[in-house]
Amino acid sequence: MSDETCRPMTREETLLVTWLLEHNVPEAKAFIPLLSKVTVKSSCKCGCPSMSFNFPVDSPMVEIPADFKRDFIGSVDGMDVGLILFAGQGVLSELEIYSLAGHEQPFGLPSLASLKVE
């Protein structure tokens, strides 16, 4: 994990995570109201926009399947990317975003229009 400090989610990050939660198992939508309280931290050193989520200690737990992990695909400037949303013990833990071609160059978030559930 990076040494970067926690920060509020950007509007673009919030829209992306909201889309991922809306196109997920029904229980995942319960995380959406909590996004305004979450802070994020870069979870990768390669330049990808992967992030770990940090919720306040008093955030309610969300009843989700124990093995919650959901895969998506999208596109960033013509490059195909994979997205994996992880949750455990009732909280979102991480959004991993990676190049499907294995490129290790910095890139941004995929457009919402390019997203698909894998």
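The legends below walk through several close-up views of one predicted model. Residues are numbered from 1 along each chain as its sequence is written, and side-chain values use heavy atoms, with hydrogens and water left out. Because this is a predicted model, local features need pLDDT of at least 70 and side-chain atom pairs count only at pLDDT 80 or more, while totals for chains, interfaces and linings use all residues.

**View 1. Helix H1 covers residues 11-22.** Helices (H or I, at least four residues) and strands (E, at least two) are DSSP runs, numbered from the N terminus. The 12 residues of H1 should span 16 Å at 1.5 Å a residue, and the end C-alpha atoms are 16 Å apart, which agrees. That expected span is 1.5 Å times one less than the number of residues. Several residues of H1 are buried, among them Leu16, Trp19 and Leu21. Here, buried means under 20% relative accessible area, exposed over 50%, and partly exposed in between, using a 1.4 Å probe and protein chains only.

**View 2. Glu13 sits in helix H1.** Is Glu13 buried or exposed? Its relative accessibility is 7%, so Glu13 counts as buried. The side chains of Glu13 and Arg7 are joined by a polar contact of 2.6 Å. A polar contact is a pair of N or O atoms within 3.5 Å; within protein, one must be able to donate a hydrogen and the other to accept it, and residues adjacent in sequence count only if both atoms are side-chain atoms. Beyond its neighbours within four places in sequence, Glu13 is in contact (heavy atoms within 4.5 Å) with residues including Val40, Met51 and Leu109.

**View 3. Strand E3 pairs with E2 and with E6.** Two strands pair if DSSP finds at least two bridges between them. Strands E2 (residues 39-42) and E3 (residues 51-54) run antiparallel and are joined by four bridges. E3 and E6 (residues 91-99) also run antiparallel, with two bridges. Look for Met51: this residue is the bridge partner of Ser42 and stands opposite Leu95 in E6.

**View 4. The structure holds one aromatic pair.** The rings of Trp19 and Phe72 have their centres 6.0 Å apart and their planes at 70°, so the pair is edge-to-face. For the rings of Phe, Tyr and Trp (its six-membered ring), pairing needs centres within 6.5 Å; planes under 30 degrees apart count as stacked, over 60 as edge-to-face and the rest as tilted. Since Trp19 lies in helix H1 and Phe72 in strand E4 (residues 69-76), the pair ties together parts that are 53 residues apart in sequence. Both Trp19 and Phe72 are buried.

**View 5. The largest nonpolar core has 32 residues.** A nonpolar core is a set of buried Ala, Val, Leu, Ile, Met, Phe, Trp, Tyr and Cys residues joined through side-chain atoms within 4.5 Å. Leu20, Phe53, Leu83, Leu85, Leu92 and Leu95 touch the most other members. At least two residues of this core come from each of H1, E3, E4, strand E5 (79-88) and E6.

**View 6. Asp77 and Gln89 each have a positive phi.** Most residues other than glycine have a negative phi. Asp77, in the loop between E4 and E5, has a phi near 50° and is exposed, with a relative accessible area of 80%. Gln89, in the loop between E5 and E6, has a phi near 55° and counts as exposed at 73% relative accessibility.
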